[in-house]
Amino acid sequence: MPSILIKNAEIVTMNAQEEIVQGDLYIENNRITDIGLSLDYQADKTIDATNRTIIPGFIQTHIHLCQSLFRGQADDLELMDWLKQKIWPLEASHDEESLYYSAMLGIGELIQSGTTTIVDMETVNHTDFAFQAIAKGGIRALSGKVMMDKGEEVPIGLQESTSKSLQQSVDLLEKWHGKENGRIQYAFCPRFVVSCTEELLTEVQKLSGRHGVCVHTHAAENRGEIALVEQETGMRNVVYLDHIGLANERLILAHCVWLDDEEKNIIKKRKVKVSHCPGSNLKLSSGIAEVPDLLQQGIHLSLGADGAPCNNNLDMLNEMRLAALIQKPVHGPTAMNAKTVFRMATIGGARAVGMDHEIGSLEVGKKADLAILNLNDFHMYPSYGVDTISRIVYSATRADVETTIIDGEVVMENRILKNMDKNVVLHETNRCIGRLMKRIEAAFM
């Protein structure tokens, strides 16, 4: 793996002191081996980062790469209608090729906006092809096939037995977990309580412990969803998950918009991780999570964009800005300040996936996952006397990300992706969604 020397940069470390320093950063064998002034190394590649800012790569803890292909196909619906009328039929129509290009489309967008790690939930079928895209695209990912062994109005193509769902998940784990120098990890992904039997969820809890991997699911996103769970189980989401043993430090819960006090206490006590998805929650009219209260209680939060059809972009810069702004009308202008949301997007995400010793900050010994931003443009000025993190959170856009490095590999430089042909991916995604839409139309004729 080639060594890289990045010269003359502003470096936002996000170390324990959250230092911002001027200088150079040296990468060797996929790790940061030195940070300092005027470093003198004979590197295989040198990047002049004069007037540029280096940040830790963003870590998004809730993404659906399988849904990137559906951008714009499911606008202006609430969660359960969105799923039943649009997303489930679209996911059921996926084939191997369409899933591969859907994942590549999402990966390209994520890398272009500075995201280096994702927690990804795929669909029921063809998940191996999403993993192939993750391997080729170069992103760091915890991913898994979605698990759905019950539910009303679920298309035939998404219906699976408990035993098949479990076996396919284990097969994928055995094939992909730890691949690409550890860049790919497996996570069990039961969709949500509404679509999973207690038998499946109980077995997932056992398998997660046996293999030491995360469980990634949705909870308390929508009041209608909560009512269904209470009707079926007599308990609210998090109480039920705790009842069957799933609430622990390996559990990542997406959304958690409508938690009661008992659920908050369980999440805190069991060290469950919560992924806040403000853009998705707003667009699906799910609500606004009580993030300041959760943070004050010591609950661990990170950020995710969710999926393209419920957000329309996968841009962490946009997600950070939303996370900060939506709380201020209720909690005041100092609530959810720039440093808080930037922390959630970087080292907070690393803690959520149990990798804060490896990623999430720019420190000697950590893996080289980072983005280089050019903050010299009209929308970023004047810069005099303005805090760097505030500039990034409130003013920066994805177009300001010039270079992205993951696991010591340059995956984008000067806005050019290295591991995929952008024009091919764009062409193929249009072709694939056209084929899928015709397939759905034929099924309902």
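Glu 18 is placed in the loop between strand E1 (4-12) and strand E2 (20-28), where strands (E, at least two residues) and helices (H or I, at least four) are DSSP runs numbered from the N terminus. Before I go further, this is a predicted model, in which local features need pLDDT of at least 70 and side-chain atom pairs count only at pLDDT 80 or more, while totals for chains, interfaces and linings use all residues. Residues are numbered from 1 along each chain as its sequence is written, and side-chain values use heavy atoms, with hydrogens and water left out.

Back to Glu 18, which has a positive phi of about 50° although it is not a glycine. Most residues other than glycine have a negative phi, and most peptide bonds are trans. With a relative accessibility of 22%, Glu 18 counts as partly exposed; on this scale buried means under 20% relative accessible area, exposed means over 50%, and partly exposed is in between, using a 1.4 Å probe and protein chains only.

Ser 285, in the loop between helix H9 (278-283) and helix H10 (291-296), also is not a glycine and has a positive phi, of about 55°. Ser 285 is exposed, its relative accessible area being 61%. As for the peptide bonds, a cis bond joins Tyr 381 and Pro 382, with omega about 0°, and Pro 382 is found in the loop between strand E16 (370-373) and helix H15 (388-395).

How many of the 11 residues of H3 are buried? Eight of them are, so H3 is largely enclosed by the rest of the structure. The buried residues are Thr 127, Asp 128, Ala 130, Phe 131, Ala 133, Ile 134, Ala 135 and Gly 137. They pack against H2, strand E7 (115-121), strand E8 (140-144), helix H4 (162-176), E10 and strand E18 (409-413), with contact taken as heavy atoms within 4.5 Å. H3 is followed by Gly 138, whose phi is positive, near 95°.

Of those partners, helix H2 (residues 96-112) packs with H3 at an angle of about 35°, the axes being 8 Å apart. For the record, axes are lines fitted to C-alpha atoms, for helices over the stretch in contact, and angles run from 0 to 180 degrees between N-to-C directions. On the H2 side the contact involves residues including Leu 99, Tyr 100, Met 104 and Ile 107, and on the H3 side residues including Phe 129, Ala 130, Ala 133 and Ile 134. The residues of this contact divide into 10 nonpolar, three polar and two charged, where Ala, Val, Leu, Ile, Met, Phe, Trp, Tyr, Cys and Pro count as nonpolar, Asp, Glu, Lys and Arg as charged, and the others, Gly among them, as polar.

Rings of Phe, Tyr and Trp (its six-membered ring) pair if their centres lie within 6.5 Å, and planes under 30 degrees apart count as stacked, over 60 as edge-to-face and the rest as tilted. The rings of Phe 131 and Tyr 186 have centres 6.0 Å apart and planes at 25°, so this pair is stacked. The pair links distant parts of the chain, with Phe 131 in helix H3 (residues 127-137) and Tyr 186 in strand E10 (residues 184-186), 55 residues apart. Phe 131 is buried at 0% relative accessibility, and Tyr 186 is buried at 1%. Tyr 186 also pairs with Phe 188, and here the ring centres are 5.6 Å apart and the planes at 80°, so the pair is edge-to-face. Phe 188 is buried as well, and together Phe 131, Trp 176, Tyr 186 and Phe 188 form one aromatic cluster.

I will finish with the loops. Gly 72 lies in the loop between strand E6 (58-63) and helix H1 (79-93), and is partly exposed with a relative accessible area of 41%. Gly 72 and Pro 309 are 237 residues apart in sequence, yet 5.7 Å apart in space, C-alpha to C-alpha. Asn 311 is in the loop between strand E15 (300-303) and helix H11 (316-325), and is buried at a relative accessible area of 10%.
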